[in-house]
Amino acid sequence: MAQILISPLQGILSHFRFILTLRSEEGKYHGLILFRLSTDSPSNPQIYVMEATCPHLGAEMSHADIEEYEDSVVAVCPWHRYDFDLKTGKSETGLRTCTYAVEVKFDPDSHQDQIWMEAPEGGKNWRIVELRPVSEEFADQPPSPPNPSTKSDTTVAPYAQETTGPVVPDIDPPKTLMEWAVLILNTPNPTLKVERTRYAVHAYRTGAILSIGHKVTSPPIPPAQPPRETYMNIVDPGKIQSGKRKNRAVMLHALANIEQWAIDLAWDIMVRFGPMHKDLPPAFFSDFAKMALDESKHFSLLHARLASLATPYGSLPVHASLWDSATLTSKSLLSRLAIIHLVHEARGLDVNPKTIEKFRKAGDKESVDVLEIIHADEVTHVTAGHRWFVWMCEQQQRKKNSKEAGMEQASAYVDPIQAFREEVRRCWRGDIKGPFNVEDREKAGLSPEFYEDLRGEMPYQDEEVKKVEIVKSSPAKQELKESDEDITIDRVQTALAAVSVAYES
Ligand code: FES
């Protein structure tokens, strides 16, 4: 029986449950949950690994209740309370989930106990790409209660005080995850957007929301572009002058703006593409709900840093260029995953370490801590982008095979690398720029074959050519370095990189 090394035993003593993500040599993904039960003897732990989603209707098992009966231990699904034996995977309902044998072995080289698990079927050379505690500090804070009169916290930023509302609307509150997505997308107040995200994701995980809602005949429609508060000064990216971006607060403000858009992007991908692809499994929604929650956490952390630097969020101009890419890719999930998650977010992996170093050199330890949390989460977001991009390629392959029955399987193969390069050529302008953070890209599933020597061939619209000419001839532009020039011309696509390079200049 093939086994996979999960972690040294020491590495899982901080929490009792972990999300495990595996990737095979072929690029397949598998989501699992690890439960460590408390025992009298820490050296003899009870550890169980089972599927991350319930086989009934796909609820996340991360918030399952663990109950002990005589000689068995069961995980009780938060949605409809089906129980699954942690050893056998059997449920009294007759359903069954997969469980995996776990073994603790002493490693004489490292002189420590290590946890190994049985490898799943359906792939070769599985390895762990994520081992994340479920009980993250932010994620597990109890959300605001579902009291219609509950108001969001407006004590941090005066700019957020003007328009707030109840976390759960008084009239016609959302019932499904898709309805929550549209409500959150239509919430202009950033603090309320964060609180609603926290509430909705917690409710989804714990069974207070029992339906994703993407298969209904009339799914809710997301806005073309999420609204912003009237006090936000949204300007063309070219008008945010590089020369003024040199202080830490301005830099953090730019990042907070990107995080606010990133919350929207995570909800938008669920509600825009869920109804178009009714075969998307619950794990897709779990991944992007987790992403929405992460981006909310990032926004909150940056928001708090800005408050401590006396630069409240909303007090500086921002741009909406990240949403331009969302609009451009609003018709195709494959394009959306490629451009937003495997180009923009992957570019974040390249530039974040440099940015962190700048803050470290400036002696801003608090911001360094925040940016390191953000960077670690962003690796998992690119991983999710890769996971669902590969999944989409597999679906296309299946469709081709069913259309062309009798055809050799290999001839219908949709290669994710070639598919990605094709999407970038179609939906991107200019080079995919390095230098690349090869190590973190690799962790996220992106080997250099995906992105090296790649250039987008999408033509500029007339209007955009004019804007680029204006930017190129503006006085601020004359001050830019060569690297900034490319970024300005690419205007839309490199918003994340621009922030870092601007700080560098
Ligand atoms: S019992 Fe788990 S989704 Fe219904």
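Strand β3 (residues 29–37) is mostly covered, with eight of its nine residues buried. A buried residue has 20 or more other C-beta atoms within 10 Å of its own; exposed means 12 or fewer, partly exposed lies in between, and C-beta atoms are placed from the backbone. Strands (E, at least two residues) and helices (H or I, at least four) are DSSP runs, numbered from the N terminus.

This is a predicted model: local features need pLDDT of at least 70, side-chain atom pairs count only at pLDDT 80 or more, and totals for chains, interfaces and linings use all residues. Residues are numbered from 1 along each chain as its sequence is written.

Strand β2 (residues 17–23) runs antiparallel to β3, joined by seven bridges. F18 has L34 of β3 as its bridge partner. R23 is partnered by Y29 of β3. The two strands form a hairpin with five residues between them. In the turn, G27 has a positive phi of about 90 degrees.

## The sheet

Six bridges join β3 to strand β4 (residues 46–51), again antiparallel. F35 has Y48 of β4 as its bridge partner. Strands count as paired if DSSP finds at least two bridges between them.

The open sheet has five strands in the order β8-β4-β3-β2-β11, with antiparallel pairing. β8 (99–100) and β11 (127–133) stand at the edges, each with a single partner strand, so one side of each has no neighbour in the sheet.

## Helices α2 and α4

The axes of α2 (residues 190–206) and α4 (residues 282–308) come within 9 Å and cross at roughly 145 degrees. Axes are lines fitted to C-alpha atoms, for helices over the stretch in contact; angles run from 0 to 180 degrees between N-to-C directions.

P190, V194, T197, R198, V201 and Y204 in α2 meet A289, A292, L293, S296, F299 and S300 in α4. Contact requires C-beta atoms, placed from the backbone, within 7 Å. The contact residues divide into eight nonpolar, three polar and one charged. Nonpolar covers Ala, Val, Leu, Ile, Met, Phe, Trp, Tyr, Cys and Pro; charged covers Asp, Glu, Lys and Arg; the others, Gly among them, are polar.

S308 lies in α4. S308 is partly exposed, with 13 other C-beta atoms within 10 Å. S308 and A249 are 59 residues apart in sequence and 9.5 Å apart in space, C-alpha to C-alpha.

## Helix α5

In α5 (residues 321–328), S321, L322, S325 and A326 are buried. Seen down the axis, the buried residues of α5 fall within an arc of 165 degrees (directions from helix axis to C-beta atoms), so they line one face of the helix.

Methods: Contact = placed C-beta atoms within 7 Å.
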